[in-house]
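Please work through each task before reading its solution.

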Amino acid sequence: MLHMPGMNFQFFNVSCNAIPSFFNLWYYYELSTNSMTYSKSKFQSIFLLLVLHNQLCSSSTSLDDEQWSLGPTFGFGRQQSHKATNPTSRTVNDLRSRATEGNPEAQYFLGLLMWYGDGVATDRDMAMDFFRRAAKQGHIHAQFNVGLILAFSAPDPTHSQQDTDKDLHTALKWVSNAASEGLSDAHWLLGLMYRDGKGTEKDYDLAFEEFSKAAEAGSARGHFFVGMMHEYGLGTPQNFKDAAKGYRRAAAQADARAIYYLALMHAYGRGVQQDFQQALILFKEAAEMGQVGAQIYLGKMYLHGHGVGVNYDLAYHWFEVASASEDPRSAEAVKARDELGLLLKGARDNINSVLDSFKIQL
C-alpha cells in the first residue's frame, strides 16, 4: 500500500478496477498515520493521482502479476512494462509543471513514473534527480528511495571508492531521517545498512533494534529480519523458536523469503518439530512465488521422497524452473537438472534396450 502522508488512503494492487499501486517503488508502504487533517494541497494531490490513474488505465490492458513483479532483492522496476501511454498527455504535463514549480509530491510521483517508464520515457537519472529534490523538501518516501538507490544499486564503475563511500554516507543520512519521521520501511532498510556496514560500521545490535521497530509497526520485512537475526544470533541471543515466530509472522503477509525460511525450519527441525510434509507445503508455496531456493529444495524433496513420494519428473521440473532464474543459486539447479536428466535418459535407454531384447527373442 502506498502511504500518502496525512491521509488514511490506500492504493491496492495494480488494477484499473481499483486505485492502483503502480506508483510503488519497491515495497508496499505501511499506512502509518492517524492524522485526519486534510489540506487543499493534499486533496489536489489525490485528485491528480486519480486523473493519472484514469488516463493511464484508459489505454492499458489487464496484466498478470508477473508483469508487475518487483526485484526480489533490491532492484527497482518490473520484469516487463505495461502498454505505453501517451507521454504528452495533459495529466503528465500537469505533473511536470507542478514538479518544475517545486511541489515535492509532484516531484516524487514524476520520479516514480520516470523510474518505471509509466506514461513517460524511462529516465532513471532524471527520476533520481526528482527524488532528491523532493527529499530535500522533507518528503520521507523520496528520502527512502534516495537512500535505497544509493545504498543498494550496483556501484557506478566510473566512481572512485571515495565517491562510493560518500554515496553510502548520504544514503544513511536520508534513510535515518525517514526512519526518525516514522516510516516503518525505513527502519528495516536502516537495519540492513547497520547489518551490512553500508555507510557506517557494522553494528548488529543497532540492526536488530531497527528491525524490531519495523516489526512492531507491522512490517513483513521487519518480522523477517527479526527472525533471521534470532536464527543466527546477530544482535540478540540465538533462539530458533523466536526465529520461526518472526518468519511465521512475515509469511502470514505473503513474504516469499519468509515462507522459504520457515520451510527450512520445518525441514531441519529448527525451532519447530521436524515435519517434511509441512516443509513441502511451504516450499511449494514459496516456489510458486518465484523463490529460487524453494524451487531447488522442492526438486530435492521430490527427488529423495521427503514428505512426498519420489517423483523424478516433478524433481526435474522444479530444477528446470530454478535454472531459468538469474539468481546465482540457479547454477546449483542447472547442475542438479543436468545430472538428473542424464540418469533419467540412462534409465530410459536401459528400459528400451531390455524391451528391444525381448522383441528379438519373440
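**Exercise 1: the crossing of α10 and α11**

Helix α10 passes helix α11 in a left-handed crossing (the near helix is turned anticlockwise from the far one by less than a right angle). The model is predicted, so local features need pLDDT of at least 70 and side-chain atom pairs count only at pLDDT 80 or more, while totals for chains, interfaces and linings use all residues. Residues are numbered from 1 along each chain as its sequence is written, and side-chain values use heavy atoms, with hydrogens and water left out.

Task: describe the geometry and the residues of the contact of α10 with α11.

Solution. 
1. The axes of α10 (residues 240-251) and α11 (residues 256-268) come within 8 Å and cross at roughly 145°. Axes are lines fitted to C-alpha atoms over the stretch in contact, with angles from 0 to 180 degrees between N-to-C directions; helices are DSSP runs (H or I, at least four residues), numbered from the N terminus.
2. In contact (heavy atoms within 4.5 Å), α10 contributes Phe240, Ala243, Ala244, Tyr247, Arg248, Ala250 and Ala251. From α11 come Ala258, Ile259, Tyr261, Leu262 and Met265.
3. These residues divide into 11 nonpolar, no polar and one charged (Ala, Val, Leu, Ile, Met, Phe, Trp, Tyr, Cys and Pro count as nonpolar, Asp, Glu, Lys and Arg as charged, the others, Gly among them, as polar).

**Exercise 2: α8 and α9**

Task: characterise the crossing of α8 and α9, and an aromatic pair within the structure.

Solution. 
1. The axes of α8 (residues 204-216) and α9 (residues 220-232) come within 7 Å and cross at roughly 145°; the crossing is left-handed.
2. Residues in the contact include Phe208 and Phe211 in α8, and Phe225 and Met229 in α9. The contact comprises nine nonpolar, four polar and no charged residues.
3. The structure holds 14 aromatic pairs (ring centres of Phe, Tyr and Trp, its six-membered ring, within 6.5 Å; stacked under 30 degrees between planes, edge-to-face over 60, the rest tilted). Among them, Phe211 and Phe225 are stacked, at 4.8 Å centre to centre and 20° between the planes. This pair links α8 with α9, 14 residues apart in the chain.

Methods: Helices (H or I, at least four residues) and strands (E, at least two) are DSSP runs, numbered from the N terminus.
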